[in-house]
Amino acid sequence: MIINHLRMVALKCRSAARVDLDQACALLLADPADAQMRHAETLMRGFRQAVTQRPVFFRPGTDELSFDEAWLGRLFEAVEREDDDSFRFLIQSRVPRWTQRNLAFLIRSISEEFHRI
């Protein structure tokens with residue numbers, strides 16, 4: 001499950017510095033080497049910048065989903081179903097316009113990488 005994977009990444013990134021999503025995504029595009037883990041780390045380190053309130057991620061293995069985890073899960077489901085309308089609606093409903101493109105890039109990249117494994 002992608003959400004459980006992101007929970008583990010979030011635990012590792014708790015003490016790491018936050019990142020600017022614009023700069024981080026530009027670096028990922030410029031240097032795609034070892035991108036599999038870096039996309040998830042970038043999302044977890046920059047997620048707070050994309051949403052207005054501090055995100056909540058539960059410990060790996062927890063059955064319950066936080067609002068943030070459920071929202072991300074719906075984004076990943078929309079990608080898997082190739083439902084661009086729902087994907088766009090979810091992004092636009094919560095993320096400021098200036099960072100929507102970067103967050104969408106990270107979500108799509110993580111989904112693609114996760115399903116390649």
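Helices (H or I, at least four residues) and strands (E, at least two) are DSSP runs, numbered from the N terminus. The model is predicted: local features need pLDDT of at least 70, side-chain atom pairs count only at pLDDT 80 or more, and totals for chains, interfaces and linings use all residues. Residues are numbered from 1 along each chain as its sequence is written, and side-chain values use heavy atoms, with hydrogens and water left out.

**Burial and contacts**
- Of the 117 residues, 41% count as buried (under 20% relative accessible area; exposed is over 50%, partly exposed in between; 1.4 Å probe, protein chains only).
- The protein exposes about 7,100 Å², and carbon and sulfur atoms supply 50% of that area (Shrake-Rupley method, 1.4 Å probe).
- Among contacts (heavy atoms within 4.5 Å) with a separation of 6 or more, 70% join residues 24 or more positions apart.

- Leaving out residues up to four places away in sequence, Leu72 touches Ile3, Leu6, Met44, Phe47, Phe57 and Ile107.

**Aromatic residues**
- The whole structure holds two aromatic pairs (ring centres within 6.5 Å, using the six-membered ring of Trp; planes under 30 degrees apart are stacked, over 60 edge-to-face, the rest tilted).
- Phe47 and Phe57 are edge-to-face, because their centres lie 5.7 Å apart and their planes are at 65°.
- Phe47 belongs to helix α3 and Phe57 to the loop between α3 and α4, 10 residues apart.
- Phe47 is buried at 0% relative accessible area, whereas Phe57 is partly exposed at 22%.
- Phe47 also forms a tilted pair with Trp71, 6.1 Å centre to centre with 50° between the planes.
- Phe47, Phe57 and Trp71 form one aromatic cluster.

**Charges over rings**
- The charged end of Arg94 sits over the ring of Trp71, 5.0 Å from its centre (NZ of Lys or CZ of Arg within 6 Å of the ring centre and within 35 degrees of the ring normal).
- Arg108 lies over the face of Phe87, 4.1 Å from the ring centre.

**A buried asparagine**
- Asn102 lies in helix α6 and is buried, with a relative accessible area of 13%.
- Not counting residues up to four places away in sequence, Asn102 touches Leu21, Asp22 and Cys25.
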